Amino acid sequence: MNIKQIVVNIPHSAPVPDDFSKWSNPCLARQEAVKWNDSNIDVVFRDPKHRMREDIGIQAVLLHKASLNRYTVDMERLENDPMEAQGQGIIYTATKDGKSIRTVSDEERESLMGAYRDYHETLRNLTAATMTLLIDAHSYPSDYDEAGNATGEDVDVCIGFNDETDPSYPGKEIIDLVKSHFEMCGYKVGLNRPFANSIVGSFGTPSIMIELNKRIYIDEKTQELRPDAYKLNYHISDLYGKLLSM
């Protein structure tokens, strides 16, 4: 596969808002939002080499970031998402344990759904060019109780992808390259575990998810980047180079 451009989707790194007054238990809701926010993941996935496609003069690695926090509107959920039944569809109305409930007016819901659809329209446009690879970038807390791979070992990096029958399936060559790259860098890798699948962009664009265990790049108490985060950033930048050389 001849990859000319990489679009990195970053839907969950927007700052956690201070105001949770529309939640029945604001402190609990904000605490959960901080835990599940992909804080500073955009720093880790940026490309310090600023690669260019010299043939047409555009940047080879583009970051597509949401400006709203996932506890305001989750750009990663699907319309009619099964998580809607738990109050965690596109517009969250409950915390994971259901102990804090959010009130959303019809007018606010309509506005947030407009932002959601605009985000996905932009993503589709960004990935419409031929020979584009979509990387779905995320992180997850280290105390997540299913954060292990098939052998029961802790996972540092989770690689997710859709089924082989899906037009967005990235292919074995890309999956193997990403897996071997992180393993060579010293990380334990899980395939579709603890999280599976990857976001879909323009029809037929290959998509692969990379989820980082927060412990490898951030202090989960302070949300500040660890020194290792900058080494990880260069590992990811090197991965971009390998993918663009396929």
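## A partly exposed loop residue

At 43% relative accessibility, Asp97 counts as partly exposed; buried means under 20% relative accessible area, exposed over 50%, and partly exposed in between, with a 1.4 Å probe and protein chains only. This is a predicted model, in which local features need pLDDT of at least 70 and side-chain atom pairs count only at pLDDT 80 or more, while totals for chains, interfaces and linings use all residues. Residues are numbered from 1 along each chain as its sequence is written, and side-chain values use heavy atoms, with hydrogens and water left out.

Asp97 is placed in the loop between β4 (61-65) and α3. Helices (H or I, at least four residues) and strands (E, at least two) are DSSP runs, numbered from the N terminus. If residues up to four places away in sequence are not counted, Asp97 touches Leu28 and Glu32; contact means heavy atoms within 4.5 Å. Asp97 and Gln86 are separated by 11 residues in sequence and by 9.0 Å in space, C-alpha to C-alpha.

## Overall architecture

The protein contains five helices and eight strands. Along the sequence, these elements follow the pattern β-α-α-β-β-β-α-β-β-α-β-β-α. The radius of gyration is 18 Å, close to the 18 Å that the globule rule gives for 246 residues, so the protein is as compact as a globular protein of that length. The radius is taken over C-alpha atoms, and the globule rule is 2.2 Å times the number of residues to the power 0.38. Taken along the principal axes, the box filled by the C-alpha atoms is roughly 50 × 35 × 35 Å.

Of the 246 residues, 52% count as buried. Among contacts with a separation of 6 or more, 77% are between residues 24 or more positions apart.

## Surface and charge

The protein exposes about 11,900 Å², of which carbon and sulfur atoms supply 49%. Accessible areas come from the Shrake-Rupley method with a 1.4 Å probe; for residues, only the protein chains shown count as cover.

There are 27 positive and 39 negative side chains, and the centres of the two sets lie 4 Å apart. In this count Lys and Arg are positive and Asp and Glu negative, while His and the chain ends are not counted. The place of a charge is taken as NZ of Lys, CZ of Arg, CG of Asp or CD of Glu.

## The nonpolar cores

In soluble globular proteins, nonpolar side chains tend to be buried together. A nonpolar core is a set of buried Ala, Val, Leu, Ile, Met, Phe, Trp, Tyr and Cys residues joined through side-chain atoms within 4.5 Å. The largest core has 36 residues, of which Ile6, Phe45, Ile135, Phe182, Leu212 and Leu243 touch the most other members. Two or more residues each are given to this core by β1 (5-10), α2, β5 (132-140), β6 (157-160), α4 (172-184), β8 and α5 (228-244). Its largest share, seven residues, comes from α5. Apart from this core lies another, of 13 residues, among them Trp36, Tyr71, Cys158 and Phe195.

Leaving aside neighbours within four places in sequence, Leu212 is in contact with residues including Ile41, Phe45, His138, Val157, Leu232 and Ile236.

Ile175 belongs to helix α4 and counts as buried at 5% relative accessibility. Beyond its neighbours within four places in sequence, Ile175 contacts Phe161, Tyr169, Pro170, Leu191 and Ile208.

Leu112 is found in helix α3 (residues 106-126) and is likewise buried, with a relative accessible area of 8%. With neighbours within four places in sequence set aside, its contacts are Leu68, Thr72, Val73, Ile91 and Arg102. Leu112 and Pro15 are 97 residues apart in sequence, and their C-alpha atoms are 17 Å apart in space.

Most residues other than glycine have a negative phi, and most peptide bonds are trans. Asn40 has a positive phi of about 65° although it is not a glycine. Asn40 lies in the loop between α1 (26-36) and α2 (41-45) and is partly exposed, with a relative accessible area of 26%. His50 also has a positive phi, near 45°. This residue, His50, is in the loop between α2 and β2 (52-53) and is exposed, with a relative accessible area of 53%.

The peptide bond from Arg193 to Pro194 is cis, with omega near 10°. Pro194 is located in the loop between β7 (189-191) and β8 (207-213).
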